[in-house]
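Here are my notes on the model you sent over, as numbered points. Have it open in your viewer while you read.

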Amino acid sequence: MNADAVRDATPGEWSANRNVEDHAGHVRLVTGYWHSELKLPLTADLRTCHARHRIYAQFKYDRLIGSPDWVGSLAQSLPELSDGILHTGSASHYHFIVDGLGNLSPAVLQAAGRIFVDADYSDDQAAILEAIVAVLAGRRIDVVRVPHGTYRVSNVILPKVRDFSARVHAARSSVLRLPVRQERSGQRIYVTRRRAGSRRLINEAEFADRMQRDYGFETIENEGLSLQDQMELYSGAEFVAGPHGAGLTNILFSRRPKGLLEFWHSVQQPFFEGLAESLGISYFAARGMPMPGVAPQGWRSDNGPFAIDPRLALKAIEMLIARQPRR
């Protein structure tokens, strides 16, 4: 299929590539097409991908795949990305670490001249990525931000997506290779979302003092902390607790993690239970209730503010500390 024909096709008819070479740890797209926000090559399986993600990402996929902007991009001259790596993680903290860093490997980086990432990666994320890549590859590789959109690609590497546990261990191995100025130990951290726009646990003040006084948990706001600061702060975290959110991912920075506690409501997602399972540490979850009369944020019901019975929260903390890691 030539480029002109591709521009006139419907999204479901696009072909990902004319020629694919398989290598250890990655696939090289000799000629292909890529949509940066969806983080996938454009293939005839695009609708299948859409269906698979519908339960958690219906609005995002419907908006992109069915929008005039999406269809209109087919009629435009597509910008080209060449001679680099497509980084599969998004700027979201969790996806940056697990889906991005977790899919990198020295084998992928050997022939890379640059790494293409989302335009909304922060300077902080780009700097950490460059530092980790330099450790893995033994040399500096430029990180290039790419605006959301559709691209033609030429001789571009797409890391093969590892299974979840392999991604967790690869990401952890990468971040633990970076030096910390002061390694901590024995910490217990409660990650608050009181400044976040979603999933705020609005009554956490009712049990936060008890968590600190009786169980030694320090309340931490990740907002305003650099990624390097978070890596160092959580390096000694034995136990991490908090509402469902990307901040819980920081248990990966711990040298000696023991347990993870997640507060949630409405829809329980598997990310952090799987993360704890992969690390071989204890995991507990305690369910709260969404606040009545408060519309959930955006289009996902589990993004609204919620409350949890303080007795349940403290009991979950007690059980988390009492249980030994599975490792």
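1. Start at L101: leaving aside residues up to four places away in sequence, it touches H87, F96, L129, I132, A171, S174 and V175. A contact here means heavy atoms within 4.5 Å. Before going on, keep in mind that this is a predicted model, where local features need pLDDT of at least 70, side-chain atom pairs count only at pLDDT 80 or more, and totals for chains, interfaces and linings use all residues. Residues are numbered from 1 along each chain as its sequence is written, and side-chain values use heavy atoms, with hydrogens and water left out.

2. L101 also turns up in the largest nonpolar core, which has 48 residues; L101, L109, I115, L129, Y234, V240 and L260 are the members that touch the most others. Helix α6 (residues 123–137) gives the most to this core, seven residues. Another core of 19 residues lies apart from it, with Y190, F217, F306 and L314 among them. By nonpolar core I mean a set of buried Ala, Val, Leu, Ile, Met, Phe, Trp, Tyr and Cys residues joined through side-chain atoms within 4.5 Å. Buried is under 20% relative accessible area, exposed is over 50%, and partly exposed is in between (1.4 Å probe, protein chains only).

3. Now the sheet. Five strands form an open sheet in the order β9-β8-β10-β11-β12, with parallel pairing. The edges are β9 (218–220) and β12 (282–287), each with a single partner strand, so one side of each has no neighbour in the sheet. On average, neighbouring strands of this sheet are turned by 20° against each other, direction ignored; the axes are lines fitted to C-alpha atoms (for helices over the stretch in contact), and angles run from 0 to 180 degrees between N-to-C directions.

4. What about strand β10 (residues 237–243): how many of its residues are buried? Seven of the seven are, so the strand is largely enclosed by the rest of the structure. β10 pairs in the parallel sense with strand β8 (residues 187–191) over four bridges, and I189 stands opposite V240 there. β10 also pairs in the parallel sense with strand β11 (residues 259–264), over five bridges, with F239 opposite G259. For pairing, DSSP has to find at least two bridges between two strands.

5. Further along, β11 and β12 run parallel and are joined by six bridges. F263 has A286 in β12 as its bridge partner.

6. Two backbone spots deserve a look. D83 is not a glycine, yet has a positive phi of about 50°. D83 sits in strand β4 (residues 80–86) and is partly exposed, at 43% relative accessible area. R199 is another residue other than glycine with a positive phi, near 50°. R199 is in the loop between β8 and α8 (205–215) and is buried, with a relative accessible area of 13%.

7. Finally, the overall tallies. The protein has 11 helices and 14 strands, taken as DSSP runs numbered from the N terminus (helices H or I, at least four residues; strands E, at least two). Of its 327 residues, 52% count as buried. Among contacts with a separation of 6 or more, 73% are between residues 24 or more positions apart. The accessible surface comes to about 14,700 Å², and 50% of that belongs to carbon and sulfur atoms. Those areas come from the Shrake-Rupley method with a 1.4 Å probe; for residues, only the protein chains shown count as cover.
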